[in-house]
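The sequence and the structure come first, and the discussion follows.

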Amino acid sequence: MAGMRSPREGPAESLSERLRRRAFQRSIDQGAIQMAPGRWRDLRLVPLGAAAWAGAAAGGVVAPDSRHAALAAVVGAAVAALMGGAACMVGLMRSSRARGVVALCVCVLLAGAAGTAAALEHAVVEREGPAGDLLEQGGTVIATVVITGDPTPQRSSRPFASASRYTAAGTLVCGKAEGRVFSASAAILVAGGSEAASLRAGTTVEVSGRVVPSARAGGSALLSISSRPKVVATDPPRQFLAGVRESLRASAGWLSSDAAGLLPGMTVGDTAALPADLETAMRDVGLGHLTAVSGANFTLLFGAVLLALRLVRASRPASVLGCAAALLAFAAVVGPEPSVLRAAAMGAVGLLALLSGRAGRSCSAVSAAVLVLVLLEPALALSMGFLLSVAATLGIAVLGPPLTVVLAARLPAWLAAAVAVPLSAQLTCGPLIVLVQPAFLSMSLAANLLSAPFVPVVTVAGTIALAVCTWCPPAAFLATAVGGAAAQAVASVARVLAQAPGATVPWPEGLAGAFAMAGLSAVNAVALWAVLLPTGRRWMAWLWAVLSQSVRSRVDGILGLGRGSRHGRVEG
């Protein structure tokens, strides 16, 4: 009896296979513990973040002539909700659970009201008076603009475009339109040809041109300039930071064209030297996100700083301070724009998810970040980049840890994590990406997996080169050599996979395409669950048995085979 094996082990199962199966079962048990309901108990911030986001989005689309009335109505509703909640809590003093539900509902209403009020107040400040009329309706203007970002070349879809066009982020501070002088503090995009290419962050310029209103609610208007900018003031600290970014571009200039353009792009989002065909190839294989400053940049930066501090046995407070200093320094160099602040917040949340492995805590962190960001910068509520960033972070935080646990039983730990992170982000971002780029990127997962080992090398090496390029050129040369080799590998992956047949498959546009992609993502998630988890395989086996029995019964009924038949003969 001692030598008999259980039916689950099978008669020919070796000792190594038995140990592997038991290790897999233990990993599944650990994943079940991590996904147990108790781990999800602290999700009270989720409805608050969602309510603030929805409120800010609603406030951003209110008509200009109704903003004051809407703001007064929101304040009145918030006061009424607060008073009603207090009255309900007094009446439910004996029931702690009922009081908690009422308190949560009141907080959700207040969060929504705060988001709406912030969006309305932001719109009132930016879009009031002559400046508001100009930004809402357009027109010619002589404007004074503070340039806050470096010029970015615009890729023209026309094959015979005559001249390059550039855009730079700025803040409209004053101007003169239709004989009226006004002051303002509104975000605006400055666009032009070679004259716009000379703009530098940290300078205040006076230009003439025409304002084109934004076609998207909450978006920035476009100032198409028709004269050469005249510099009227400078901001030395901001100019120094812009010079650091230019020094990184110059340090990478000796590399191949692909690596020289991709290294600054993947490090600080500087795509000025990125070849247009490489940018198209990266977009076609789902790697376009690598050239935009995102939460991944900050997560990798935090991870590198934490690893360095752990090697020198730094204490936890010192590690926290080191990460905070790295965050502030990197955000300052890249530019303190709303998209960078969003990326910093989501990067911190992504690092928390990877360190804690607790989905409930990570969801609360994402919700807290959303709550703070939409109150500080309500325009983010209507930003597709913000939506994609939150979706990717939630995917990594919620699906990443259990996927890593499941895959680690079949793959090496490093490969399991490398597969789980892009897969979880793709499952949640796929339906949203279709709204921007209506195509199914069949090579997206493969491209992200193949480039995953090189992305941290490019980001960390590029950040080191960024830190030393102005005072230690030899160290910058070494860092760009390492980062450039990894960047060239990423470029090669993009170019090779973009040439594969079926790399981009046409997909329906609009909401129909988004719902179709959501259904495909759900099917993929169910397939992973059914293939990798024992519970999923048991459920699928049961479902197959039920369907088989149903089909067999229906076929028997059609052929006239039923209870009255024996041995295949129908008794008449």
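Predicted model: local features only at pLDDT ≥ 70, side-chain atom pairs only at ≥ 80, totals over all residues.

The crossing in which α7 passes α17 is right-handed. On the α7 side the contact is formed by Val 244, Arg 245 and Leu 248, and on the α17 side by Gly 462, Ala 465 and Leu 466. Divided by class, the residues of the contact of α7 with α17 are 4 nonpolar, 1 polar and 1 charged.

**The chain as a whole**

The secondary structure of the protein chain comes to 20 helices and 11 strands. Of the 572 residues in the protein chain, 40% are buried. Among contacts in the protein chain with a separation of 6 or more, 73% are accounted for by residues 24 or more positions apart.

**Two further helix pairs**

Two packed helices are described by the angle between their axes and the distance between the axes.

| Helix pair | Angle | Axis distance |
|---|---|---|
| α8 and α17 | roughly 90° | within 9 Å |
| α16 and α18 | about 160° | 9 Å |

Helix α17 (residues 455-468) also meets helix α8 (residues 257-268), and the axes of these two helices come within 9 Å and cross at roughly 90°. That angle makes α8 roughly perpendicular to α17. From α8, the residues Leu 263, Met 266, Thr 267 and Val 268 meet a set in α17 that consists of Val 455, Val 458, Thr 459, Gly 462, Thr 463 and Leu 466. By class, the contact of α8 with α17 comprises 6 nonpolar and 4 polar residues, with no charged residues. Gly 462 and Leu 466 of α17 are named in the contact with α8, and these two residues also take part in the contact with α7.

The pair formed by helix α16 (residues 444-451) and helix α18 (residues 473-498) packs at an angle of about 160°, with the axes 9 Å apart, and this makes α16 roughly antiparallel to α18. The crossing of α16 and α18 is right-handed. Ala 446, Ala 447, Leu 450 and Ser 451 of α16 make the contact together with Val 490, Val 493 and Leu 497 of α18. The residues of the contact of α16 with α18 divide into 6 nonpolar and 1 polar, with no charged residue.

Residues up to four places away in sequence not being counted, Ser 251 touches Cys 469, Ala 476 and Thr 480.

Met 282 lies in helix α9, residues 276-284, and counts as buried at 1% relative accessibility. Not counting residues up to four places away in sequence, Met 282 touches Leu 262, Leu 287, Gly 288, Leu 290, Thr 291 and Ala 494. Met 282 and Arg 495 are 213 residues apart in sequence, and their C-alpha atoms are 7.4 Å apart in space.

Ala 221 is found in strand β6, which covers residues 221-225, and it counts as buried at 1% relative accessibility. Its contacts, leaving aside neighbours within four places in sequence, are with Leu 135, Ala 187, Ile 188, Leu 189, Val 211, Val 212, Pro 213 and Ser 214. Between Ala 221 and Gly 138 there are 8.4 Å from C-alpha to C-alpha, at a separation of 83 residues in sequence.

**Cysteines**

How many disulfides does the structure hold? The structure holds 0 disulfides. For Cys 107, the closest cysteine sulfur is that of Cys 105, at 9.4 Å, which is too far for a bond, given that a disulfide requires sulfur atoms within 2.5 Å. Cys 107 is partly exposed, with a relative accessible area of 37%, whereas Cys 429 is buried, with a relative accessible area of 8%.

Methods: Residues numbered from 1 in each chain as written. Heavy atoms only, no water. Axes fitted to C-alpha atoms, helices over the stretch in contact; angles between N-to-C directions. Helix = DSSP H or I, 4+ residues; strand = E, 2+ residues; numbered from the N terminus. Parallel < 35°, antiparallel > 145°, perpendicular 65-115°, else oblique. Contact = heavy atoms within 4.5 Å. Nonpolar A, V, L, I, M, F, W, Y, C, P; charged D, E, K, R; others polar. Left-handed = near helix turned anticlockwise from the far one by under 90°. Buried < 20%, exposed > 50% of the residue type's maximum accessible area, 1.4 Å probe, protein only.
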